[in-house]
Amino acid sequence: MKILCVGRNYVKHIEELNNQMPTEPVIFAKPDSALLLKNKPFFIPDFAEDFHHEVELVIRINRIGKNIASQFAHRYYDEIALGIDFTARDLQAELKSKGLPWEKAKAFDGSAVLSKLIDKSRFEDIQNINFHLERNGETVQKGNTSHMIFPIDQIISHVSQYFTLKIGDLIYTGTPAGVGPVAINDRLKGYIEDERLFDFLVK
Ligand code: MG
């Protein structure tokens with residue numbers, strides 16, 4: 001399986017990092033070795049200093065597809081989850097400034113936290129879901145999927161022009177504002193609406 005991620009999909013997050021507004025989705029990938037499942041701790045790697053949490057709604061692809069029209073994209077996923085796209089922000093800034101790829105800063109082991117999956121049919125409107133992240137009991141990121149610049153169906157349509165989507169592939173749909181550093185002994189809890197979907201420690 002592969003993990004595809006959308007960058008810069010919420011206006012306030014683009015503003016907080018002084019990035020340009022995208023005219024089409026910004027896409028990058030992580031290998032399956034990046035996955036961090038089952039509330040296992042996130043061990044801060046030693047190759048950078050400034051690791052940021054980015055909480056994101058994640059969708060799981062349930063059928064194979066290529067060149068999917070956005071009006072049919074909803075048929076290609078039936079489960080969602082909450083994830084964190086961990087980012088070595090200092091390393092990413094260095095790579096960006098040199099015009100180099102982001103993978104070392106974005107796709108390392110443990111950089112793709114994934115909660116348990118939940119059925120999307122539980123939600124009336126997938127583009128109006130609240131989610132938030134608590135760090136040590138304090139809400140640090142809060143989002144609603146209605147604020148995405150590129151909604152989920154458009155993301156699926158876009159990425160499937162380039163990458164054949166397969167069963168089990170994951171798409172991280174971008175983070176709202178409030179990204180920030182994590183430190184050893186932090187406890188991170190992620191919620192979709194009122195349901196806690198992950199709860200793990202930083203070590
Ligand atoms: Mg992200």
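Visitor: What share of the 203 residues of the protein counts as buried?

Guide: In this predicted model, 52% of the 203 residues are buried, that is, under 20% relative accessible area with a 1.4 Å probe and protein chains only. Local features need pLDDT of at least 70, side-chain atom pairs count only at pLDDT 80 or more, and totals for chains, interfaces and linings use all residues. Residues are numbered from 1 along each chain as its sequence is written, and side-chain values use heavy atoms, without hydrogens and water.

Visitor: How many helices and strands does the protein have?

Guide: There are 4 helices and 15 strands, taken as DSSP runs numbered from the N terminus: H or I of at least four residues for helices, E of at least two for strands.

Visitor: And why is it described as compact as a globular protein of that length?

Guide: The radius of gyration is 16 Å, close to the 17 Å that the globule rule gives for 203 residues, so the protein is as compact as a globular protein of that length. The radius is taken over C-alpha atoms, and the rule is 2.2 Å times the number of residues to the power 0.38.

Visitor: What joins strand 10 to strand 14?

Guide: Strand 10 (residues 130–135) and strand 14 (residues 187–192) are joined by 5 bridges. Phe-131 has Ile-192 of strand 14 as its bridge partner.

Methods: Pairing = 2+ DSSP bridges. Buried < 20%, exposed > 50% of the residue type's maximum accessible area, 1.4 Å probe, protein only.
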